[in-house]
Amino acid sequence: MEFIQPNRLDRGFYQYQQEFEDKALAVLRSGWYVLGHEVSSFEEEFAAWCGSKYCVGVGNGLDALWMAFRVLGIGPGDEVLVQGNTYIASVMGITINGATPIFVEPDEYFQIDTTKLEALITPRTKAILVVHLYGHNAKMDDVVSLCRKYHLRLVEDCAQSHGSAFKGQKSGTFGDIGCFSFYPSKNLGAFGDGGAIITDHEQIAQDMKVLRNYGSEKRYYNKIVGTNSRLDEIQAGLLRVKLRHLDELCEECRELADAYSSHIQNEKLILPKERPDTHSIWHQYVIRCRERDRLIAYLQEKQIGTIIHYPIPPHLSEAYQYLGYQKGSFPITEQFADEVLSIPMYNGMTREEQDRVVDALNAF
Ligand SMILES: *Cc1c(COP(=O)(O)O)cnc(C)c1O
């Protein structure tokens, strides 16, 4: 029996193999490899696909995040509200700038619990970072009205939510800056590292372009101490190929998720659901189980691999001990870390593979 991996990146490649190979060869033969036609074309096409005015490609998702807060002038002494159950990169995007993350517990959809935000706002609060975790959406109308009321900046971590939507509006377009990762396992994944920000503000886009390229607008004339975080031509070209097919790829994930939701039946498991009025892109299919670790071992024995997203919440990680939190500081976040499990789901997953996962889960 073949082992079913939690993710299969090769399947996504073979779906459009000829197009990817043609593009890679074309870029190799072009003689131009960093910040050229492919990057600027991708930036235009991705901004349009998201429903945003500007896109700026950068080196990866973490860079998109920390550069976003840098451009917004958020740093030492400032607080940023962020959900506790996120990938640690979201938090690093804040702390790299010397700002302080203030953790917020998640709601039943794994997203930032917007009913808990207002009580956490202080005079030091400068921004809210919403992470659209697993491809789902936070209650964005609540977030937007709070940001207006308290004059807060709004940044969205869309590393897992390319194309997800709340009331018809795509994630990344609700606030000042939307940050994306194109790490290979993301829904819009490159064949290496990549990232981008989107924004409707010309000045922010301009500042990001300067920051990503050593602080220079004109070559060798450096206005600020910048960084080197550029999307390269090959990745941008390959992302353009994938972007052409992204709607159908997202639809395929939705169908896989629907099939799981209608066929998995086991009282020991809590299945994920889509918030009303939202469009999830199902970056992961994350179930919850009180006997999670026994379930992992059981599935492994049945030749089915799984991943925990994420076993240690940022506030309990060694990296953030200096923030002074302990076990029990955020009970819901910690409960999710103990119970969540991502089951296999990827573009190109076969019916047989999915049936095997369903049967195994139902027999647990
Ligand atoms: C993947 C991811 C990131 C970081 O992206 P990289 O490109 O790996 O730096 C940030 N936030 C979330 C929620 C992610 O899933």
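Modeller: Happy to! Let's begin with a ring and a charge: the charged end of lysine 268 sits over the ring of phenylalanine 364, at 5.7 Å from the ring's centre. Please keep in mind throughout that this is a predicted model. You can find another such arrangement where lysine 218 lies over the face of tyrosine 221, 4.1 Å from the centre of that ring.

The structure holds 21 aromatic pairs. One of them joins phenylalanine 46 and phenylalanine 182 edge-to-face, with 5.6 Å from centre to centre and 85° between the planes. This pair bridges distant parts of the chain: phenylalanine 46 belongs to helix α3 (residues 37-50), while phenylalanine 182 is in the loop between β8 (177-181) and β9 (195-199), 136 residues apart. Phenylalanine 46 counts as buried because its relative accessibility is 0%, and phenylalanine 182 is buried with a relative accessible area of 0%.

Next, look at phenylalanine 110 and phenylalanine 336, an edge-to-face pair with 5.2 Å between centres and 65° between planes. Here too the pair links distant parts of the chain, 226 residues apart: phenylalanine 110 is in the loop between β3 (100-104) and β4 (125-131), and phenylalanine 336 is in helix α11 (residues 331-339). Phenylalanine 110 is buried at a relative accessible area of 4%, and phenylalanine 336 is buried at 6%. Rings can also gather in a group, as Phe13, Tyr14, Tyr16, Phe20 and Phe191 do in a cluster linked by ring pairs.

While you have helix α11 on screen, find glutamate 339, which also has its place there. Glutamate 339 is a buried residue, with a relative accessible area of 7%. Leaving out residues up to four places away in sequence, glutamate 339 touches Ile287, Arg288, Cys289, Arg290 and Arg292.

Now for strand β8, which deserves a slow look. Five of the five residues of β8 are buried, so the strand is largely enclosed by the rest of the structure. In a regular strand, side chains alternate between the two faces of the sheet. In β8 both faces are covered: Ile177, Cys179 and Ser181 are buried on one side, and Gly178 and Phe180 are buried on the other.

What does β8 pair with? Strand β5 (residues 153-157) pairs with β8 in the parallel sense over three bridges, and β9 runs antiparallel to β8, joined to it by four bridges. Cysteine 179 is involved with each of these neighbours: this β8 residue is the bridge partner of aspartate 157, and it stands opposite isoleucine 197 in β9. Apart from residues up to four places away in sequence, cysteine 179 touches Ala64, Leu65, Ala68, Val155, Glu156, Asp157, Cys158, Ala159, Ala196 and Ile197.

Cysteine 179 also leads us into the largest nonpolar core. In soluble globular proteins, nonpolar side chains tend to be buried together. The largest nonpolar core here has 37 residues, of which Phe69, Leu129, Cys179 and Met208 touch the most other members. Two or more residues come from each of β1 (54-58), α4 (61-71), β2 (79-83), α5 (88-95), β4, β8 and α7 (202-212). Helix α4 provides the largest share of this core, seven residues. A second, separate core has 26 residues, including Tyr16, Leu238, Leu246 and Leu249.

Six of its eight residues are buried, so α5 is largely enclosed by the rest of the structure. Those buried residues are Ala89, Ser90, Val91, Gly93, Ile94 and Thr95. They pack against α4, β2, β3, β4 and β5.

Three strands form an open sheet in the order β7-β6-β13, with antiparallel pairing. Its edge strands are β7 (169-170) and β13 (278-279), each of which pairs on one side only. Strand β6 (residues 165-166) pairs with β13 over two bridges in the antiparallel sense, and phenylalanine 166 stands opposite threonine 278 in β13.

Methods. Residues numbered from 1 in each chain as written. Predicted model: local features only at pLDDT ≥ 70, side-chain atom pairs only at ≥ 80, totals over all residues. Heavy atoms only, no water. Phe/Tyr/Trp six-rings, centres within 6.5 Å; stacked < 30°, edge-to-face > 60°. Buried < 20%, exposed > 50% of the residue type's maximum accessible area, 1.4 Å probe, protein only. Lys NZ or Arg CZ within 6 Å of the ring centre and 35° of its normal. Pairing = 2+ DSSP bridges. Core = buried A, V, L, I, M, F, W, Y, C linked by side-chain atoms within 4.5 Å. Contact = heavy atoms within 4.5 Å.
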